[in-house]
Amino acid sequence: MTANASVNTAKKDLHLGSKLLKIAVWVSGAIVASLFVILVAFILIKGIPNLSLDLFAWKHTTKNMSMMPAIFNTVEMVLLTLLIAVPIGVLAAVYMVEYAKKGSKIVAVVRLTTETLQGIPSIIFGLFGMLIFVYSFEWGKTMMAGVMTLVLMILPVIIRTTEEALLAVPDSYREGSFSLGAGKVRTVFRIVMPAAVPGILSGIILATGRIFGETAALVFTSGTSIGRTFTGDPTGPGCTLAVYLYILWNEGLYTEQAYAVSVVLLVLTIGINALSSYLAKKVGKKNG
Amino acid sequence: MRKAAKLVSYLCVAALAVCGLGACNNDANNDKDDDTKNPSTSTPGGDDTTGMSGEIYVISREESSGTRSAFTEILEIIDADGNDATVATAEVTNSTGVMLTTVAGNDKAIGYVSLGSLNDTVKALSVDGVEATADNIKNNTYPVSRPFVMAYKEAEASDLAKDFIAYVMSSQGQAIIAEESYIAADESAEEYTASGLSGSLSIEGSTSVGPVMEILAEAYMELNPDANITVTQDGSGTGITAAIDGGCDIAISSRALKEEEAAELTPVTIATDGIAVIVNTENSIDSLTSEQIKEIFLGNITEWDELN
Amino acid sequence: MLKLKSKEKLFKMLFCLCAFVSAAAVALICIFMFANGFPAMAENGFFKFLFGEEWRPTAGQFGILPMITGSICVTAGAIIFGVPLGLMCAIFLAGFCPKKLYKVLKPAIDLLAGIPSVVYGYFGLMAIVPIMQDIFGGNGKGILTASILLGFMILPTIISVSEASLRAVPNAYYEGSLALGATHEQSMFKTVFPAAGSGIFAGVILGIGRAIGETMAVAMVAGNSAIFPDSLTSNVRTLTTNIILEMGYATGLHRQMLIATGVVLFIFILIINLCFSMLKRKGGKAQ
């Protein structure tokens with residue numbers, strides 16, 4: 001499309017309305033780009049001077065305000081959430097793509113609810129998680145309550161991306177497998193799934209990114225206690241990096257450290273995004 | 001044409017970037033300026049004649065927060081029925097950080113924070129001519145203060161819970177409290193000797209008490225390395241509810257317990273905290289009467305002119 | 001052979017079960033939210049709750065009409081700032097952006113989506129609020145500031161969904177338009193853009209959902225007074241910020257009323273979601 005564009009614009013440069021439209025789209029592109037630059041510059045300028053080794057000390061004390069336990073809490077939270085959500089999400093997608101008949105009522109219901117789940121704001125998840133896991137199940141504000149809440153939040157992302165990845169696997173794979181006498185389950189697990197792995201992975205990474213940035217849902221469920229060292233106990237409270245950032249800012253006592261934490265979060269987000277686009281590229285190559 | 005469009009957009013990027021960064025940097029510079037010319041040292045008396053003008057921007061904490069209820073009760077910012085009557089147009093925040101940042105960035109703002117969170121980006125006003133210092137709260141001349149309370153279920157409290165409270169009330173614990181610019185509850189407390197107890201203890205509640213409680217917990221664990229204390233800061237109400245329901249061992253609260261709460265829990269007052277009324281460092285006013293503060297937060301005084 | 005068949009059946013059951021987890025989750029959320037919210041609402045009186053104009057928890061007055069108004073105002077503002085910019089940017093990415101620039105810009109926009117909302121909030125507080133203070137006087141917070149910030153925050157959603165649906169329009173549309181003598185710009189705006197209509201609209205609705213549900217960032221820049229806004233710079237409190245502000249200290253009826261606030265928000269979201277699904281279905285059929 002863009003290649004065509006340059007040829008045509010050269011020819012029809014005289015059209016005034018077109019000129020204005022062109023300027024308008026360029027300007028809006030520029031505004032979005034500059035917004036990005038300003039935001040990142042804001043985080044870096046405020047944060048980098050405040051980065052110090054103290055913030056990465058293994059043991060968190062009120063003197064160093066180390067974010068190390070929060071980093072490990074985040075990792076644990078991500079792993080546990082994925083451990084529960086990925087099998088459920090992937091198998092659900094398998095059902096939707098490989099088993100359900102076209103236009104089946106079940107698929108319609110699942111699709112509608114998945115979309116609904118995706119649209120629910122995190123604060124509602126937070127309230128719900130608090131009501132059910134923290135109070136009804138009497139787990140208290142624990143990592144586990146946070147994990148279960150996050151599972152519900154990222155489930156739609158996993159289902160959706162897996163569905164797309166499965167659909168992208170050519171039917172000839174399945175037919176080949178069937179004609180060799182393999183059963184459906186065998187075909188799904190041995191043939192279709194491996195081919196869809198990069199797509200599924202990119203969905204997982206997308207979900208990871210969402211967990212990294214989540215605050216509203218976790219403040220009510222996994223609590224705001226950072227703890228002194230990372231314990232890894234899912235039945236204990238533990239805050240993730242983003243929640244830690246929220247607490248630091250909220251109290252107004254440790255603003256400098258908060259800026260530094262936001263730099264670390266930014267770097268993590270960039271890393272996650274880079275990984276996901278690398279995987280997406282891999283998928284693109286495979287299919288195209 | 002294409003080049004022109006490109007040029008325009010690049011210019012836009014550059015201009016916007018400069019604006020944005022300028023804004024960020026301005027803030028940074030302002031912070032520094034505030035540090036250097038903190039007017040608390042010497043404000044020329046002449047300033048008062050020029051005075052402040054313009055609308056007063058009132059900033060309050062969220063309803064039922066410990067800080068707000070103490071503030072409104074003491075200054076009687078209440079209606080005929082005795083309910084909180086802070087003017088509805090006042091800005092509300094649940095964050096001390098936002099409160100401090102807003103007042104530091106707005107020369108017409110007035111708000112309040114816990115004395116322990118006060119820093120030099122803002123100016124604390126004297127109330128009725130009395131400066132907001134620990135000494136003045138101790139001798140009862142500074143009127144706006146509230147208790148910090150630890151509350152627990154007497155019947156179910158573990159030895160560790162009792163021992164930790166004993167530590168907080170000891171001379172070491174009280175010294176830490178004083179160091180964090182709160183007012184110790186017991187000046188002549190006895191020294192604490194390590195008990196060597198082990199186990200875990202969960203403390204939950206006020207975000208105002210939280211930071212100092214973290215420090216206390218840390219110091220306690222240095223003396224008793226086998227103990228594990230976690231402090232969750234999520235508000236007095238949540239902490240007290242959790243302590244009653246058994247969700248945590250000790251609740252921390254920045255307000256006195258209500259009657260129905262006191263029926264279930266045993267409160268221990270561990271410290272007193274002053275609430276400082278804060279304004280921008282550029283503000284020429286250094287002192288207000290409690291009546292004036294009350295009228296401001298009731299919305300009856302809306303212009304700085306009326307205070308000169 | 002029989003064993004194999006039962007194994008197949010077993011797995012099918014398992015897959016089906018997993019598929020129903022999300023349906024069960026939605027049902028559970030509905031049940032829990034409504035069961036916790038409605039009794040409190042009834043206790044207070046539905047009408048008094050939904051149309052009450054005063055929110056004074058300590059005085060036992062729980063009216064959330066100001067918050068509903070606030071949510072609507074701020075969301076409308078976010079649409080005004082975010083949607084045109086987002087759509088133009090999507091058209092830019094789909095039809096005008098040089099390949100080299102695209103390689104930089106696209107990941108940048110994805111990154112914008114990944115920045116935690118707390119960071120956006122503090123950015124708003126430190127960068128947008130002082131500018132607004134300079135321009136309009138006052139405290140620099142309120143509907144306008146919150147709208148601008150939210151407009152920024154929903155950009156990535158709108159851009160990526162719209163761009164995808166613009167790219168999904170068959171090339172024949174574009175080429176046909178060019179062949180009829182239209183310029184590149186005319187073809188993009190008058191042929192491709194309308195053809196991607198329902199997809200773009202779905203993206204906009206998704207953005208609206210984000211805006212109405214955003215919490216942390218709005219709480220920092222909206223001023224949060226529980227009043228009816230009387231101007232663009234007036235302080236405003238939304239449904240979401242009402243919950244996050246007071247949840248920590250609330251007990252008893254106050255706490256239940258906050259959960260009820262969540263229920264109202266949830267109903268709003270359900271309506272928006274329904275619109276979204278309906279539009280998507282319609283779009284799917286058209287293509």
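Analyst: Two residues are in contact if their C-beta atoms, placed from the backbone, lie within 7 Å. Residues are numbered from 1 along each chain as its sequence is written, while chains are lettered from A and ligands numbered from 1 in the order in which they are written.

User: Let's start in chain A. Which residues does A:Phe125 touch, leaving out those up to four places away in sequence?
Analyst: A:Phe125 sits in helix α5 (residues 122-136) of chain A; helices (H or I, at least four residues) and strands (E, at least two) are DSSP runs, numbered from the N terminus. Leaving out residues up to four places away in sequence, the partners of A:Phe125 are A:Ile120, A:Thr149, A:Leu152, A:Met153 and A:Ala217.

User: Is A:Phe125 buried or exposed?
Analyst: A residue is buried if 20 or more other C-beta atoms, placed from the backbone, lie within 10 Å of its own, exposed if 12 or fewer, and partly exposed in between. Because A:Phe125 has 24 C-beta neighbours inside 10 Å, it counts as buried.

User: Which helix of chain A gives the most to the side that touches chain C?
Analyst: Across this interface, 72 residues of chain A are in contact with 72 residues of chain C. The chain A side divides into 49 nonpolar, 19 polar and four charged residues. Here Ala, Val, Leu, Ile, Met, Phe, Trp, Tyr, Cys and Pro count as nonpolar, Asp, Glu, Lys and Arg as charged, and the others, Gly among them, as polar. With 16 residues, the top contributor on the chain A side is helix α2 (residues 16-47).

User: Moving to chain C, what share of its residues is buried?
Analyst: Chain C has 12 helices and two strands, and its C-alpha trace spans about 75 × 70 × 30 Å along the principal axes. Among its contacts between residues at least 6 apart in sequence, 73% join residues at least 24 apart. Of the 287 residues in chain C, the buried share is 60%.

User: What is the handedness of the crossing of α3(C) and α6(C)?
Analyst: Helix α3 (residues 65-96) and helix α6 (residues 143-168) of chain C pack at about 35° with axes 6 Å apart; axes are lines fitted to C-alpha atoms, for helices over the stretch in contact, and angles run from 0 to 180 degrees between N-to-C directions. Their contact holds 23 nonpolar, six polar and two charged residues. A crossing is left-handed if the near helix is turned anticlockwise from the far one by less than a right angle, and right-handed if clockwise. The crossing of α3(C) and α6(C) is right-handed.

User: In chain B, which helix gives the most to the side of domain 1 that touches domain 2?
Analyst: An automatic or database domain assignment sets the bounds, giving domain 1 (53-145 + 275-307) and domain 2 (147-273) of chain B. Here 12 residues of domain 1 are in contact with 14 residues of domain 2. α3 (66-74) and α5 (134-138) of chain B each supply at least two residues of the domain 1 side. With four residues, the top contributor is α3(B).

User: Where in chain B is confidence lowest?
Analyst: The mean pLDDT of chain B is 81, and 83% of its residues reach 70 or more. Over residues 18-49 of chain B, pLDDT stays under 50. Where pLDDT is low, the predicted coordinates should not be read in detail. At a mean of 45, the lowest confidence in chain B falls in helix α2 (residues 47-50).

Definitions and conventions:
Predicted model: local features only at pLDDT ≥ 70, side-chain atom pairs only at ≥ 80, totals over all residues. pLDDT = per-residue confidence, 0-100.
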